[in-house]
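Here is a short report for a reader new to this structure. Look at the model first, then read on.

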Amino acid sequence: MDDVRVAAIASLTPLEELDSEPFLVDTRGQHAVCARWARDQGYVVARQLLFYGFRPDHAALWADVEAGAVDLFVAASERALARAVTSVPGFRAECERRGVRVETVSPDEPAYDAAAKAGVHRRLSMPTAGYDGN
């Protein structure tokens, strides 16, 4: 049986929104939720995508699908998907038109305490210094 190849979509949300929207800022956390879901389904994450306000028909969304490298899209939450694309209904319609499934993992986003927010802040504000959040 062929593996189902997943493109995990995370929303790029500005670091300035960390206090009000920590999960939407934490792209690593969004991708981790998607990876756990894919693994639980027996799927393989083929691509990790980072988008903010892309049109549902944007070529970057569909390049891997057209190349045969992706079978479905997954986002950590409906809110993350809503940040990643300009229109969730439009994106779902485009997925249907192209015969590609789209899933959202969970409406329950993890809670972020001050230490977790600080870790996200360090990771995102110092990427050129080689800090990877560990």
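## A buried ring and its partners

F91 is buried, as its relative accessible area is 0%. Buried means under 20% relative accessible area, exposed means over 50%, and partly exposed lies in between (1.4 Å probe, protein chains only). This is a predicted model, where local features need pLDDT of at least 70, side-chain atom pairs count only at pLDDT 80 or more, and totals for chains, interfaces and linings use all residues. Residues are numbered from 1 along each chain as its sequence is written, and side-chain values use heavy atoms, with hydrogens and water left out.

The structure holds five aromatic pairs. One of them joins W62 and F91, with 5.8 Å centre to centre and 40 degrees between the planes, a tilted pair. Rings of Phe, Tyr and Trp (its six-membered ring) pair if their centres lie within 6.5 Å; planes under 30 degrees apart count as stacked, over 60 as edge-to-face and the rest as tilted. W62 sits in helix α3 (residues 59-66) and F91 in helix α5 (residues 88-98), so this pair links distant parts of the chain, 29 residues apart. Helices (H or I, at least four residues) and strands (E, at least two) are DSSP runs, numbered from the N terminus. W62 also counts as buried, at 1% relative accessibility. Ring pairs join W62, F73 and F91 into a cluster.

## Helix α2

Helix α2 covers residues 27-41. Its 15 residues should span 21 Å at 1.5 Å a residue, and its end C-alpha atoms are 21 Å apart, which agrees. The expected span is 1.5 Å times one less than the number of residues. Just after α2, G42 takes a positive phi of about 80 degrees.

Which residues of α2 are buried? They are T27, G29, Q30, H31, V33, C34, W37 and A38. The buried residues of α2 pack against β1 (5-11), α1 (22-25), β2 (44-51), β3 (72-75), α4 (78-84) and β4 (101-104). Contact here means heavy atoms within 4.5 Å.

## Salt bridges

Side chains of opposite charge can pair when their charged atoms come close. The structure holds twelve salt bridges. Each is a side-chain nitrogen of Lys or Arg within 4 Å of a carboxyl oxygen of Asp or Glu.

R83 bridges to E17, with the closest N and O atoms 3.1 Å apart. R83 lies in helix α4 and E17 in the loop between β1 and α1, so the pair ties together parts 66 residues apart in sequence. R83 is partly exposed at 21%, and E17 is partly exposed at 22%. R123 bridges to D26, with the closest N and O atoms 2.5 Å apart. R123 lies in helix α6 and D26 in the loop between α1 and α2, so this pair ties together parts 97 residues apart in sequence. R123 counts as buried at 12%, and D26 counts as buried at 7%. E66, E94, R97 and R98 are linked in a network of salt bridges.

## At the surface

L12, L50 and Y52 make a nonpolar surface patch of about 280 Å². Patches are made of residues with over 30% relative accessible area and no salt bridge: like charges are joined within 9 Å, nonpolar side chains (Val, Leu, Ile, Met, Phe, Trp, Tyr) within 5 Å. L50 is found in strand β2 and is partly exposed at 39%.

A111 lies in the loop between β4 and α6 (114-125). A111 counts as exposed, at 76% relative accessibility.

Note on methods:
Accessible areas come from the Shrake-Rupley method with a 1.4 Å probe; for residues, only the protein chains shown count as cover.
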